[in-house]
Amino acid sequence: MRTQVGIVGAGPAGLMLSHLLHLRGVESVVVESRSREAIEATIRAGILEQSTVDMMARAGVGDRLKREGVVHHGTILRFNGRDHRIDFEGLTGGRVATLYPQHEVLKDLIKARLDAGGDIRFEAKDTVVEDVESPRPRIRFTDKDGRAQNLECDFVAGCDGSYGVSRPAIPQDKRKDYLRIYPFGWFGILCEAPPSSEELVYARHPRGFALISSRTPEVQRMYFQCDPNDKTDNWSEDRIWEELQTRVSGEDGFRLKEGRIFQKNIVPMRSFVCEPMQHGRLFIAGDAAHTVPPTGAKGMNLAMADIHVLDRALGRFYADGSTDLLDTYSETALKRVWRAQHFSWWMTSMLHRFEGASEFDEKRQLAELDLVTSSVPAATSLAQNYVGLPLE
Ligand code: DHB
């Protein structure tokens, strides 16, 4: 088998790249370990930056997002038991965040690829990326019918997430990994209940952080800071609600609307960057190259921003044979990656409880929250980063 660009991973990055290349007339094959059903049913992130929404629209896959996505004009930072609103729209000249779950983005992209005759190999096993230093890199895998496949490509795009096979195909001595592990995780739930707030609530409480988000008018997503080694089975529904209610409680009497909890999971928190994001003819993007802690919802958006850069670079190559944008892919993408790393780390640091923090640390944290909710320049900085920097 031969294609122009072999793509490992049918997540937001891999599918968007395949779709954008198709619009340019460049062929690709996507190799994915999971089934279409599993991908379309896994609940992950929920918030799209303005530039991700614009990218979906420009690529012709934004109709359902426009109809069903819920625009968030601002967000709530809750501390000292009170709400403090950040007005994204007013502070950024009209930019907003949009709530549209990642698996809905994936459904739209998979449909667009399959409708256009795109080639996605679901349920591939034993995938390996080889010979990326040669002019003919390959992806080898066993397809879902058990047949060994050898996909020869001009380029390989590694979009297979934090635990994929692409990043390890960059030799250890040719890359540097930057890692920070946080001493806490997020306990996430999905529940059948009406929304408790029109906008997302990021709450800082002496017992730890909590986030009140949503998925649909009937299904809500909430998280609270937890021990990363805790087990979901240790938490009954009653105990979860008591903890969440405590963390958002305050003098205004705010209460969450409770309902049956039908999914629980614990998300680890880390910051990670692999530099460079290229080796030979292998280009890595999204979580294959970097991870952000979830605070601030940058993960999927950053993956899409990588693809914006990579698609243009491959487009230039196939238009006139020039490798100049491919040569600067890593440098260009990493600039935004590090900005998002800083923002995600900062939001995490400002809102979480750190074991062993001194009273001074706690007062300083509250002063910072006071600053970003009362100073226009400080609030503007948060708002601009949250809705996302424009793509270059
Ligand atoms: C969600 C997750 C986030 O990390 C965040 O900052 C906002 C929303 C969510 O899953 O809805």
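Biologist: What makes strand β12 and strand β19 a pair?

Modeller: Two strands pair if DSSP finds at least two bridges between them, and here 3 bridges join β12 (residues 155-158) to β19 (residues 282-284), so the two are called paired, and they run parallel. Across this pair V156 stands opposite L282 in β19. The strands themselves are DSSP runs of E with at least two residues, while helices are runs of H or I with at least four, and both are numbered from the N terminus. All of this describes a predicted model, in which local features need pLDDT of at least 70 and side-chain atom pairs count only at pLDDT 80 or more, whereas totals for chains, interfaces and linings use all residues. Residues are numbered from 1 along each chain as its sequence is written.

Biologist: Why do β8 and β18 stand at the edges of the sheet?

Modeller: The open sheet has 6 strands in the order β8-β2-β1-β12-β19-β18, with mixed pairing. β8 (119-121) and β18 (278-279) each have a single partner strand, so one side of each is left without a neighbour in the sheet.

Biologist: Why is D83 called partly exposed?

Modeller: A residue is buried if 20 or more other C-beta atoms, placed from the backbone, lie within 10 Å of its own, exposed if 12 or fewer, and partly exposed in between; D83 has 17 and is therefore partly exposed. D83 lies in strand β6 (residues 82-87), and, leaving aside its neighbours within four places in sequence, D83 is in contact (C-beta atoms, placed from the backbone, within 7 Å) with I76 and R78.

Biologist: How do you know that domain 1 and domain 2 touch, and where do their bounds come from?

Modeller: The bounds come from an automatic or database domain assignment, which divides the chain into domain 1 (5-71 + 99-178 + 270-347) and domain 2 (183-269 + 355-387). By the contact cut-off, 11 residues of domain 1 are in contact with 13 residues of domain 2, and the side of domain 1 that touches domain 2 has 6 nonpolar, 3 polar and 2 charged residues. For these classes, Ala, Val, Leu, Ile, Met, Phe, Trp, Tyr, Cys and Pro count as nonpolar, Asp, Glu, Lys and Arg as charged, and the others, Gly among them, as polar. The centres of the two domains, taken over C-alpha atoms, are separated by 29 Å.

Definitions and conventions:
Contact = placed C-beta atoms within 7 Å.
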